[in-house]
Amino acid sequence: MSLATDLVTDRKIVQPRKAVLEMPEYHPPLAGRDALRLDFNENTFAPSPRVVEKLLALTAEGLTKYPEREPVERVVATHFGLKTEEVLLTNGVDEAIHLMCVAFLEADDEALIATPTFFMYDVSIKMMTPHLRKVQADATMEFPFERFMSAITDKTKLIIVASPNNPTGATVSKEHLLAIAAAAPHAVLMVDEAYYHFHGESILEDLSTVPNVIVARTFSKAYGLASLRVGLLAGNAALLKSLRKVSSPYNVNGVALACLPVAVADEEYLSWYTEQVRIGRQRMMDGLRELGVPFFPSHANFVLMNIGPKHAALVGAMRRQGVLLRDRSTDPGCDGFVRITIGIEEHVTRGLDALKTSLQEIEWSAAV
């Protein structure tokens, strides 16, 4: 054996923390998305025209400056009827989840979620603690409120609930959310309202009276700013101070910060797009009913279908029709499930037409 080989063999390799080695990885299937995007719950059309105008007005010098987050936080806070110190802008809700875990979880703490839900909760929580407790929904995919309440312990430090939930489209009532917060005053409850605009019910107005609740919102969905990566956390100023402390001072890029004020100001566009989704969602559910495809009633901009063993075949057939779907079969309790995003009227029509053709192509039939 050569000296060189000996040196390589004996060399010690630096290892990351045990939690990092054991945490799950998220690999979104983003490759080849050059078709109708009904797979990632994005705005399928465009952001407000005012956003495009703002982008075109950006200067070369402006791109050389570090971004200033606080002035935009003041604008956003005012828009939502909050104080500036009650709002933190983040690099999408993905970073918001990460910051919640970094700020509030010790290695011995427990975190609590209901599954199936957004997989990034698993990733960020397990980066900080191995003690993640999951409460599985039953076959209805409704939020398991009673069992969830029973899972709260004196070690619970962080609770995350999505309403509407991804990938099911189910909601959690404000009454139940407040009950969860009251049952765990020693924990922080993050309510993920990424799909709020397609449902309309929020706990945001209760933040002043419930000190352990933090609301997460995104501008990726209804506002159509997914590529700019901007979200927010809103809640008790003392809790937000800790979150701001663990956040990078330049976590939101300057282009996003320039566009966000005009995006939130264009309420006419937002109302138009969300109404398109509400109408399209009903059309999709009615269409699935006619086709005999089982689905779960949704309050978000997507519908989860139960295709069964031919789930992968349907996704492939739809791609050949120029339409992308998301196979959710690997989610807990979701074997055979496929999710379709709801967008503007034309895209819903194309999605339904492609579904009819693809179901025939794969010779799908409803289970008796």
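Residues count from 1 along each chain as its sequence is written. As the model is predicted, local features need pLDDT of at least 70 and side-chain atom pairs pLDDT 80 or more, while totals for chains, interfaces and linings use all residues, and side-chain values use heavy atoms, leaving out hydrogens and water.

A pocket here is an open set of points on a 1 Å grid over the protein atoms alone, where a 1.4 Å probe fits, with protein on both sides within 12 Å along at least five of seven lines; lining residues have an atom within 4 Å of a point. Volume is the space filled by probe spheres set on the points, which are joined across faces, edges and corners.

| Pocket | Volume | Lining |
|---|---|---|
| Largest | About 600 Å³ | 14 nonpolar, six polar, nine charged residues |

(Nonpolar means Ala, Val, Leu, Ile, Met, Phe, Trp, Tyr, Cys and Pro; charged means Asp, Glu, Lys and Arg; the others, Gly among them, are polar.)

Start with the largest pocket, about 600 Å³. Tyr-26, Phe-40, Asp-94, Phe-118 and Lys-221 sit closest to its centre, out of 29 lining residues.

Gly-62, Lys-65, Pro-67, Gly-254 and Ala-258 are the closest to its centre among 16 lining residues.
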